[in-house]
Amino acid sequence: MPRYDFRCRSCGDTFELSRPMARSGDPAACPQGHTDTVKLLSTVAVTGAAGAAAAPRPAAGGGGGGCCGGGCCG
Ligand SMILES: [Zn+2]
């Protein structure tokens, strides 16, 4: 379920909610109960894609194990 960022115009707080995309435009109350909130642009989709593409992988050219093996770190 996608998460949406909101900002409360009453107290200035920002918060995020998980909700179905079909309800992404629904009003959201802030944690303090204010309903004067605005939805912020979210990068949730981009974050997900980038996270998958940037999966951890061994450093190329490394000797394997430890840090660098070349004495650069002491
Ligand atoms: Zn508020």
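**Salt bridges and the metal site**

Mentor: Let us begin with one residue of this predicted model: at 56% relative accessibility, arginine 9 counts as exposed.

Trainee: Which side chain meets that of arginine 9 in a salt bridge?

Mentor: Arginine 9 lies in the loop between S1 and S2, and its partner lies in the loop between S2 and S3, so the pair ties together parts that are 27 residues apart in sequence. The N to O distance is 3.1 Å, and the partner is aspartate 36.

Trainee: Which strands are linked by the salt bridge between glutamate 16 and arginine 3?

Mentor: The two side chains meet at 2.9 Å, N to O. Glutamate 16 is partly exposed, with a relative accessible area of 41%, and arginine 3 is partly exposed as well, at 42%. The residues are 13 apart in the chain, and the strands they link are S2, which holds glutamate 16, and S1, which holds arginine 3.

Trainee: Is aspartate 26, which pairs with arginine 23, buried or exposed, or does it fall in between?

Mentor: The side chains of arginine 23 and aspartate 26 form a salt bridge at 2.9 Å, N to O. Arginine 23 has a relative accessible area of 47% and is partly exposed. Buried would require a value under 20% and exposed a value over 50%. Aspartate 26 has 28% relative accessibility, and therefore counts as partly exposed.

Trainee: How many salt bridges does the count come to?

Mentor: Side chains of opposite charge can pair when their charged atoms come close. The rule asks for a side-chain nitrogen of Lys or Arg within 4 Å of a carboxyl oxygen of Asp or Glu. By this rule, the count comes to three.

Trainee: What is the arrangement of the donor atoms around the zinc ion?

Mentor: The protein donors are Cys8 (SG), Cys11 (SG), Cys30 (SG) and His34 (ND1), at 2.0 to 2.4 Å from the zinc ion. In sequence, these donor residues follow the spacing C-x2-C-x18-C-x3-H. The four donor atoms subtend angles of 103 to 117 degrees, so the arrangement is tetrahedral.

Trainee: How many residues apart are cysteine 8 and histidine 34?

Mentor: Cysteine 8 is buried, with a relative accessible area of 1%, whereas histidine 34 is partly exposed at 28%. Cysteine 8 belongs to strand S1 (residues 3-8), and histidine 34 to the loop between strand S2 (14-18) and strand S3 (37-40). The pair links distant parts of the chain, and the separation is 26 residues.

Methods: Residues are numbered from 1 along each chain as its sequence is written. This is a predicted model: local features need pLDDT of at least 70, side-chain atom pairs count only at pLDDT 80 or more; totals for chains, interfaces and linings use all residues. Side-chain values use heavy atoms; hydrogens and water are left out. Donors are N, O and S atoms within 2.8 Å of the metal (3.2 Å for Na, K and Ca); water is not among the atoms, so sites may look incomplete. Four donors count as tetrahedral if all angles lie between 85 and 135 degrees; four count as square planar and six as octahedral if opposite donors are over 155 degrees apart and all others between 65 and 115; anything else is irregular. Helices (H or I, at least four residues) and strands (E, at least two) are DSSP runs, numbered from the N terminus. Buried means under 20% relative accessible area, exposed over 50%, partly exposed in between (1.4 Å probe, protein chains only).
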